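Please examine the sequence and the structure shown below. A short report accompanies them.

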Amino acid sequence: MEGAAMSGTDGTGGAAGTGGGQEPWQWDEPTWRGHVGAVRAGRPLRPARWPGGARAAVALSFDSDHETIPLRNDETHPGKLSQGEYGARAGVPRVLRLLRDRSVPATFFMPAVSALLHPDEVRAYVDGGHEVALHGWIHERNTQLTAADERELALRAADTLESLAGRRPVGIRTPSWDFSDHTLAISRELGLAYDSSLMADDEPYEILDHGEPTGMVEIPVEWIRDDAPYFTMDRFTSSRPYTPPRGVLSLWRDEFDLAVEEGGLFQLTMHPHVIGHRSRFLILRELLDHIGAHDVWYATHEELAAYVSRECPAG
Ligand SMILES: [Zn+2]
């Protein structure tokens, strides 16, 4: 996830200008086809049935960014950092209690720096039967890094999570869903089973690398199914929430209801420092009440990726 606006201190080295100095309207056909074809949605991974004959799959995720959003933005003052600290101190215990009470598994995507700041939290995720997966080193913006830096941070993050969680992560969500031209190659080098940063479908699909099947599963996300854009507020910019929590509940319920109607996947991205506040936590509880009235299969992203891979063999 990403907070609001760019901080203004890091607006250099973006991914613009990849067309060899030409304006986009000057590109020849191989150039624009090349950009589009680099990372693409391949065959749908839509099983004929969900485990137990469930009417939909439900994959809940929490990005435990905590202090890493302000740190990534070079905002090191205690005020901003305390907003992230809230996620670890107040949000996570509330979320874990709810998941335990409802026997619902979830995936926690955690920047390595956040995991190093809160090692007990990583152990609580593992002890609770949840999945811990990659979310960058310090919530860096991948498209502003060189390939070598992005790779080094990803490898270091994987080693860090492995040592803290006792198990090597098998999936990644890029920080801020910022998927660079190099991200897929790095994720493949890490041998990851899935990515959860792209948005080409509602249902899981196989990722194509320059037209070639990778065997890697995409569990697609969307800002619609993310708490941050609805609730994030920044004191010094015009970023202000405009959707009340119960409006967000209504949106997410509609997303879920249609997933049930289509027999598909309902995937949700939340943040302990965002959804963990009382008036918002209430809508998560009510959403789980609503989901719980249906016959669904709850899965971690890892379990979901393994299931659709197995049920939808290639060829
Ligand atoms: Zn994040």
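## Model and confidence

This is a predicted model, in which local features need pLDDT of at least 70, side-chain atom pairs count only at pLDDT 80 or more, and totals for chains, interfaces and linings use all residues. Residues are numbered from 1 along each chain as its sequence is written.

The pLDDT, the predictor's confidence in each residue from 0 to 100, averages 93 over the protein chain, and 94% of the residues score at least 70. Over residues 1-16 it stays under 50.

## Overall form

The protein chain contains twelve helices and ten strands; these are DSSP runs numbered from the N terminus, with helices being H or I of at least four residues and strands being E of at least two. The radius of gyration, taken over C-alpha atoms, is 19 Å, close to the 20 Å that the globule rule gives for 315 residues, so the chain is as compact as a globular protein of that length. The globule rule is 2.2 Å times the number of residues to the power 0.38. The C-alpha trace spans about 55 × 55 × 40 Å along its principal axes.

Of the 315 residues, 41% count as buried. A residue is buried if 20 or more other C-beta atoms lie within 10 Å of its own, exposed if 12 or fewer, and partly exposed in between, with C-beta atoms placed from the backbone.

Two strands pair if DSSP finds at least two bridges between them.

Strand β2 (residues 56-63) pairs with β3 in the parallel sense over three bridges, and Ser 61 has Thr 107 as its bridge partner. Strand β4 (residues 131-134) also runs parallel to β3, joined by four bridges. Here the bridge partner of Phe 108 is Val 132.

## The nonpolar core

A nonpolar core is a set of buried Ala, Val, Leu, Ile, Met, Phe, Trp, Tyr and Cys residues joined through C-beta atoms within 7 Å. The largest one has 67 residues, and those touching the most other members are Ala 57, Val 58, Ala 59, Val 132, Ala 157 and Leu 161. Helix α6 (residues 147-165) gives the largest share of this core, seven residues.

How values were computed: Two residues are in contact if their C-beta atoms, placed from the backbone, lie within 7 Å.
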